[in-house]
Amino acid sequence: MNKTISTCLIVCFSTCLSFSQSNISSSEDFKTVSIDSCLSWMRQNTFIGKDLDIFHSIGLQTLKRSRNESDIKTIAEVHEELANWHGYNGTFSPDSVVHHTEKALDYYLKGDDKIKIADTYRTLSIDYMNVQALDKAQDVLFKSIAIYEELKSQEGLGNAYRSLGVLYRVTEDFEKSIAYTLKAIPILEKTENYAATAIAQFSLILGYGELGDYEKAYKATDYCLELVKTKVPEEVFIPVRAHSYRGDIYLKVKDYTNALKDYIKAWELCKVNIGEERCATYRTEIGQVYLHLTDYNEALNHLSAGVKAYETKGQDGIIKPYEDLSATYAKLGDFENAMRYKDKATMNSTKILEDKVANLETEAVIKYETGKKDEALASQALLLEQKSKTQNLIIAITVLLGLLLLSLLYFFNKNKKATRIIQAKNAENELLLKEIHHRVKNNLEMVKSLISLQSAQMEDSASRDAMIASQNRVQSMGIIHQKLYQGTNLGSIEMKDYFLNLSEGILDTFDADDKVKIECAMNNLDLDVDTAVPIGLIVNELLTNALKYAFPDDKKGLISISLEKTQDNHLKLKVSDNGIGKIDGLVPKGTGFGTQLVSLLTQQLNGKMIELNKNGTFLEFDFLIGAAA
């Protein structure tokens, strides 16, 4: 993420200042301090480093306290600081950054601070870029631009155009990247946002470098370094990236001497500010130059340290450093390690290719769909032609034995090529099916968000509860499609993992993590989609009903779920809780729609339901597989 690091401490009230400077030994010291003071402390310590083990604990503790007080703005700000901390320290996967930024956005959307909403959309776009969710990045970025234009915020538009330049740089559309960056720079300069102006030069350096306009790339680097030196000398990390990017340009034109100077300068500047261990990834660039200079021992020294640093941070999706390290080992005669790192590079290249396919625009998918049938017919025609020719050659075997042997060899090679074509088409079809599940999941997420926004505006509690129930039903189906495109088997769902994900989502909806525990006591079980969807909806209704009615007055409790397949082709689903159960003579609460839905879904699966009320509520379902109505 494009987050700058300030060296100045935030000046707070005297109580906050003395609190932030005190000797904090554990998160226990924060339990009696105000939430505002805890948030102030987080802001001052976000960029100190991952050695501050208590930061994450304090952040989660502050988040829980702000939730208890239903302070929407503070909840959003705590999520924002947790996202900043994860992004800066690299302690968790980039998904942790995305998670907290998405949560921050959810809470900001409940308020009326449009600038903050737009800023968070823009930040989220950068987070999505870091996890290669480029379609989502573009979507939220244009949402931020729409708000900035509505509010006529020049500062916001400048930053949004700069981020759009980064997005097109990531997608390798360098002409658009340069165009939007040049559109952003005058706005950033006019608003005196010199740090962002300097950072914008990165897209020009790389864009001009890729387009072969090296002089403009060098000028952009010089301007960036001069701007930091004269206007924002506290921005210590911008020169690091500027030297690194200019080193890339020198390397492209094979000016290895200057490339090595810039790479070493970037590494040394980084070490001065955050220490050698956290800057070791820059050594892969230095090692790359030594590889070109045929100094293989120095190349191995730097590349090994840099690759190890990437892997330690969990950033193992690299390609070029793996390829360079493989080439270095090969030059040194260590072919076992050379092959190992070559395999890693190949695996990551394949993953990036699959991600690009998953992010195809709708038009490309339609073109693929319309052309798929013609390609299949052409493949079949090729096979028929080969069979016909083979039969004719067999008839003439007694006449032209020598020619036949040559022809058989020829057609054997043709058959191998056709087989490879068919295998490639099968792989494309599998990727397309994953894309379909991905888009269905995204559409369900959009429906869920729309329902959430609508329910937030409702004052009638019964209507709001009905909307939340619908939201959970949509979520239960969305999880299934998410599992399908993330898994290796596109035709079935592993139900235990699905139940656990469904339970987490429902507990989060009712904010019941602290009072209710959901157990899933069952073995792994794969079911087809047609069976998994209705069972998922049934469990969703039962969990929702239990959380709403079984544990009143913040009573703590336990809900158990199990699903097993019997030898006689039946499925046994059991859901129980230790709540208050049903009281004889008392009319059940709610509209009864959930009960009707469970009954209809049970009939659809040709099943029977048994309900017992003793020490809570116990329900058992018996479904006959393959006999759905």
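Tutor: This is a predicted model. Let's begin with K231, whose charged end sits over the ring of Y194, 5.1 Å from its centre.

Student: What makes R241 count as lying over the face of Y245?
Tutor: R241 is at 4.7 Å from the ring centre of Y245. The distance part of the rule asks for CZ of Arg within 6 Å, and the rule also sets an angle to the ring normal.

Student: Why is the pair of F202 and Y245 called edge-to-face?
Tutor: Their planes make an angle of 70°, and planes over 60 degrees apart count as edge-to-face. The centres are 5.1 Å apart, and pairing needs them within 6.5 Å. F202 lies in helix α10 and Y245 in helix α12, so the pair ties together parts 43 residues apart in sequence.

Student: Why does F202 count as buried?
Tutor: F202 has 8% relative accessibility, and buried means under 20%. Y245, at 12%, is buried too.

Student: And what makes the pair of Y168 and Y180 stacked?
Tutor: The angle between the planes is 20°, and stacked pairs have planes under 30 degrees apart. Their centres are 5.7 Å apart.

Student: Which residues form a cluster through ring pairs?
Tutor: Y161, Y168 and Y180 are linked that way.

Key. Residues numbered from 1 in each chain as written. Predicted model: local features only at pLDDT ≥ 70, side-chain atom pairs only at ≥ 80, totals over all residues. Heavy atoms only, no water. Phe/Tyr/Trp six-rings, centres within 6.5 Å; stacked < 30°, edge-to-face > 60°. Helix = DSSP H or I, 4+ residues; strand = E, 2+ residues; numbered from the N terminus. Buried < 20%, exposed > 50% of the residue type's maximum accessible area, 1.4 Å probe, protein only. Lys NZ or Arg CZ within 6 Å of the ring centre and 35° of its normal.
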